[in-house]
Amino acid sequence: MAEAVVTVDGWSALHDTRQFDWTSWKSISEDERNKAIQEFEELIKQWETVEENKEGSHSIFKVVGNKADLMFIFLRETMDELEEIKRAINKSVLGDFLIPAYSYVSIIEMTMHDPMKAGEDRELSPYVKERLRPIMPKWEHACFYPMARRREPEANWFAIEKEERTKLLYEHGMTGRKYAGKVKEIITGSIGLDEWEWGVTLFAHDPLQFKKIVYEMRFDEVTTKYAEFGDFIMGNYLAPDELANYLAL
Ligand code: VOV
């Protein structure tokens, strides 16, 4: 009988996308806008302190398509902290203009038996610790989408043997390794937390690499046979000192 693979789990993740209410933003005075920006910059400074202390990580992206205007990604030790962050954003003056569009809640996960490093105790490895509590790279672009594994009678991921899943994920990992230095990934598990089963967050200097890796992986058996994809959301990194410029009219 197929058995579950034990996972090691790290920081909790919140992907929070917002539409920006430009119409209302234009209707307030420049002074009010400046105050709102300054207040939000203070909030960002608090998140930066958390990141410097390696107690969490955050990044903000300018969304390219019309699914949202901004995508915030937060990684924290607890779900309480993630909820507090959301509340702090909503209570801020700028929060009045940040209309919720979509969110995704998940927890960073790795499977215990790394197909690529079989035999090692992954929990002790500093590499694994860093992957479970990663500081997000401040690369120019990010792409997020949720995924699930298929459960059709002829292709049921949850019914096949563990060894087969290990083999398929090993092949997947080999494809991923070709993109070392070009694409960084954070895999979060969302079973029991959100609608899909995994969240995939990719970072790249060149967005073309998202298209290349996702296309190449479509030919890996684990994807061809067992993957279902949700909506993709792509954004360009917004550095904290760019916020005022982004909001300038
Ligand atoms: C940047 C490249 C890259 C690399 C190196 C990489 C490697 C690995 C390894 C070694 C492992 C398995 C063990 C573990 O550590 O958990 C995974 C796991 C996973 N991946 Fe991946 N992946 C990448 C990239 C990468 C992409 C681009 C995608 C989405 C496209 C696709 O078509 O799926 C993806 C998906 C996943 C998922 C959904 C899981 C969880 C699967 C599950 O069913 O449990 N992933 N991934």
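Reader: Which residues is Tyr145 in contact with, leaving aside its neighbours within four places in sequence?

Author: This is a predicted model, and every contact here is read from its coordinates. Tyr145 is in contact with Val200, Phe229, Gly230, Asp231, Phe232 and Ile233, once neighbours within four places in sequence are left aside. Tyr145 itself has its place in strand S5.

Reader: Is Tyr145 buried or exposed?

Author: The test is a count of other C-beta atoms within 10 Å, and 20 or more makes a residue buried. Tyr145 counts as buried because it has 20 C-beta neighbours inside 10 Å.

Reader: What does UniProt list for Tyr145?

Author: An unreviewed UniProt entry lists Tyr145 for "active site". Such annotations may be inferred rather than shown by experiment. The UniProt annotation "binding site", also from an unreviewed entry, covers Arg131, Tyr145, Pro146, Met147, Ala148, Arg149 and His172.

Reader: Where do Arg131 and Ala148 lie?

Author: Arg131 lies in helix H4, residues 126-132. Ala148 is found in strand S5, residues 141-149.

Reader: How many other C-beta atoms lie within 10 Å of Arg131 and of Ala148?

Author: Arg131 has 18 such atoms and is therefore partly exposed. Ala148 has 17, so Ala148 is partly exposed. Leaving aside neighbours within four places in sequence, Ala148 is in contact with Trp196, Glu197 and Glu228.

Reader: Which strand is joined to S5 by seven bridges?

Author: To read a sheet, look for the bridges between strands and the direction in which the strands run. S5 is joined to S9 by seven bridges, and the two run antiparallel.

Reader: Why is strand S9 described as largely enclosed by the rest of the structure?

Author: Strand S9 covers residues 198-204, and five of its seven residues are buried, so the strand is largely enclosed by the rest of the structure. S9 is also joined to strand S8, residues 183-189, by seven bridges, again antiparallel. There Glu185 stands opposite Leu202 in S9.

Reader: What is Val183 in contact with, leaving aside its neighbours within four places in sequence?

Author: Val183 is found in strand S8. Its contacts, with those neighbours left aside, are Leu202, Ala204, Gln209 and Ile213. Val183 counts as buried because it has 21 C-beta neighbours inside 10 Å. For scale, Val183 and Lys35 are 148 residues apart in sequence and 37 Å apart in space, C-alpha to C-alpha.

Reader: Which residues touch the most other members of the largest nonpolar core?

Author: The general idea comes first. In soluble globular proteins, nonpolar side chains tend to be buried together. Here the largest nonpolar core has 30 residues, and Ala13, Met71, Phe74, Cys143, Leu202 and Ile233 touch the most other members. Strand S3, residues 70-76, gives the most to this core, with five residues. Ile233, not counting residues up to four places away in sequence, touches Thr17, Val63, Lys67, Ala68, Met71, Phe144 and Tyr145.

Reader: Which residues come nearest to the ligand?

Author: The shell is read as the set of residues around the ligand. There are 23 of them, and Met110, Gly173, Gly176, Met217 and Thr223 come nearest. The elements that give two or more residues to the shell are strand S4 (98-111), S5, helix H5 (162-177), S8, S9 and helix H6 (208-217). H5 gives the most, with five residues.

Reader: How do the residues of the shell divide into nonpolar, polar and charged?

Author: The shell around the ligand has 14 nonpolar, five polar and four charged residues.

Reader: What is phi of Lys54 near?

Author: Most residues other than glycine have a negative phi. Phi of Lys54 is near 55 degrees, a positive value in a residue other than glycine. Lys54 lies in the loop between helix H2 (30-52) and strand S2 (56-63). Lys54 counts as exposed because it has 11 C-beta neighbours inside 10 Å.

Terms used
Residues numbered from 1 in each chain as written. Predicted model: local features only at pLDDT ≥ 70, side-chain atom pairs only at ≥ 80, totals over all residues. Helix = DSSP H or I, 4+ residues; strand = E, 2+ residues; numbered from the N terminus. Buried ≥ 20, exposed ≤ 12 C-beta atoms within 10 Å, placed from the backbone. Contact = placed C-beta atoms within 7 Å. Pairing = 2+ DSSP bridges. Near = placed C-beta within 6 Å. Nonpolar A, V, L, I, M, F, W, Y, C, P; charged D, E, K, R; others polar. Core = buried A, V, L, I, M, F, W, Y, C linked by C-beta atoms within 7 Å.
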